[in-house]
Amino acid sequence: MKFIPAKTPLTGETLESLTARLREHGEPAFRAKQILEWLYKKRVTSWDEMTNLPKPFRAWLAETFDLVPASLVIEKHSADVTDKLLLEMRDGSLIETVIIRAPQEGVGVDHSRKTICISTQVGCAMACVFCASGLAGLKRDLNAGEIVAQLLHVCRREDARTPRARAELASFDNIVVMGMGEPLANYDNLIRALTILNAEWGLGFGARRITVSTSGLVPKILKLAQEPLGFRLAISLHGATDEVREKIMPVNKAFPLAKLLPAVREFSLQHGRMITLEFILIEDVNDSLVQAEKLRDIARDLHAHVNLIPYNTVEGLPWKRPSLTRQERFADILRDARISVTLRREKGHDIDAACGQLRLKTEKDRAVAAPLP
Ligand SMILES: C[S@@+](CC[C@H](N)C(=O)[O-])C[C@H]1O[C@@H](n2cnc3c(N)ncnc32)[C@H](O)[C@@H]1O
Ligand code: SF4
């Protein structure tokens, strides 16, 4: 389903496209820079705050553009320093954005490193059997403005807690494109959004601190390798053989390991940087020691970092995370081979952490509150 917003989202405009639009309206080019400065550096929430713009021009802007095309619906804070924001788009679609704080000694929670996990689609078409995001299929792609809007919401929220030292600073340290949706299935909007986030007239956020995670769309991985901005790549592997991967990730039929792994190698060669292999540990599905050995061989071959993620249970799905001992034994096989590995203690367990769950729950509650006639 394609969504055509009533007003153009301002957060989806580049300096170039906004300048062109303003020129059509008879405005000088410098106005575009002024507007983007209000949006990304001063982070105003209304057109009236753009005090160096003439009033009639502000009125035209308000009629033509949506300042930030998403509203905050729910904010959930978990005991382990993860915050989840549920945002509503103009067509009522709900998406999730997560703030993950990594506690650092001596600086307190507010000043700790922050990683922001953003969504790129409403739902997902990839149908991985363990994932809440794909449970109801794909509703639609997010447009670039909706992707960027998630970070502006985070910035405003974080600025209120810890004021920035300088206006040009973003209010977080890393972006991971690991929220709802398959980012590479929404390629053009993704690249436009990341370009806006990276631009010096935008959030000025370094491409090397942005990681795109994919279930393995091979042609798009090869395309991403050619992008001039050099984003980081993470692959959701979750199975170290086709037999196991195919059972839980339908994408493996079109792009089995024999196609996926050479594409990942090509990406690494182009960028000269370590990529990450994500591997959710699901009891009796992919947590055998044979899988650990195969994963070790793949990681060694690709010089990749391995991120082991104990599965987060999803309501209605039968999968479970393995015991701590089993997780550690799996990790030890990689550690013994000196593979760079992290065994993630999943954050946000008490706030429907598995991405997509908060959205599903809220949609269900809304349907109960307002049943169809
Ligand atoms: C939600 S996906 C979004 C990005 C992209 N679609 C992908 O699959 O890489 C981000 C990561 O979350 C993982 N994930 C999904 N459901 C999970 C769950 N219930 N517990 C832990 N990780 C999960 C995915 O496998 C993937 O590695
Ligand atoms: S893991 Fe990623 S690709 Fe698979 S259904 Fe979830 S969001 Fe989609």
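The talk below covers helix packing, then domains, then a ligand shell.

Guide: This is a predicted model: local features need pLDDT of at least 70, side-chain atom pairs need 80 or more, and totals for chains, interfaces and linings use all residues. Residues are numbered from 1 along each chain as written, and chains are lettered from A and ligands numbered from 1 in written order.

Visitor: Why are H4 and H5 called oblique to each other?

Guide: The axes of H4 (residues 144-161) and H5 (residues 187-198) cross at roughly 40° and come within 8 Å. Under 35 degrees counts as roughly parallel, over 145 as roughly antiparallel, 65 to 115 as roughly perpendicular, and the rest as oblique. H4 and H5 are therefore oblique.

Visitor: What makes residues of H4 and H5 meet?

Guide: Contact means C-beta atoms, placed from the backbone, within 7 Å. Ala144, Ile147, Val148 and Leu151 in H4 meet H5 residues including Leu190, Ala193 and Ile196. The contact divides into eight nonpolar, one polar and one charged.

Visitor: How do you know where domain 1 and domain 2 lie?

Guide: The bounds come from an automatic or database domain assignment. Domain 1 is 8-66 and domain 2 is 70-369. Their C-alpha centres are 32 Å apart. Between them, 13 residues of domain 1 are in contact with 20 of domain 2. Helix H2 (residues 30-41) gives the most to the domain 1 side, with four residues.

Visitor: Which residues surround ligand 2?

Guide: Among them are Cys124, Met126, Glu182 and Ser236. The shell (C-beta atoms within 6 Å) divides into four nonpolar, five polar and one charged.

Terms used. Ala, Val, Leu, Ile, Met, Phe, Trp, Tyr, Cys and Pro count as nonpolar, Asp, Glu, Lys and Arg as charged, and the others, Gly among them, as polar. Two residues are in contact if their C-beta atoms, placed from the backbone, lie within 7 Å. Helices (H or I, at least four residues) and strands (E, at least two) are DSSP runs, numbered from the N terminus. Axes are lines fitted to C-alpha atoms, for helices over the stretch in contact, and angles run from 0 to 180 degrees between N-to-C directions.
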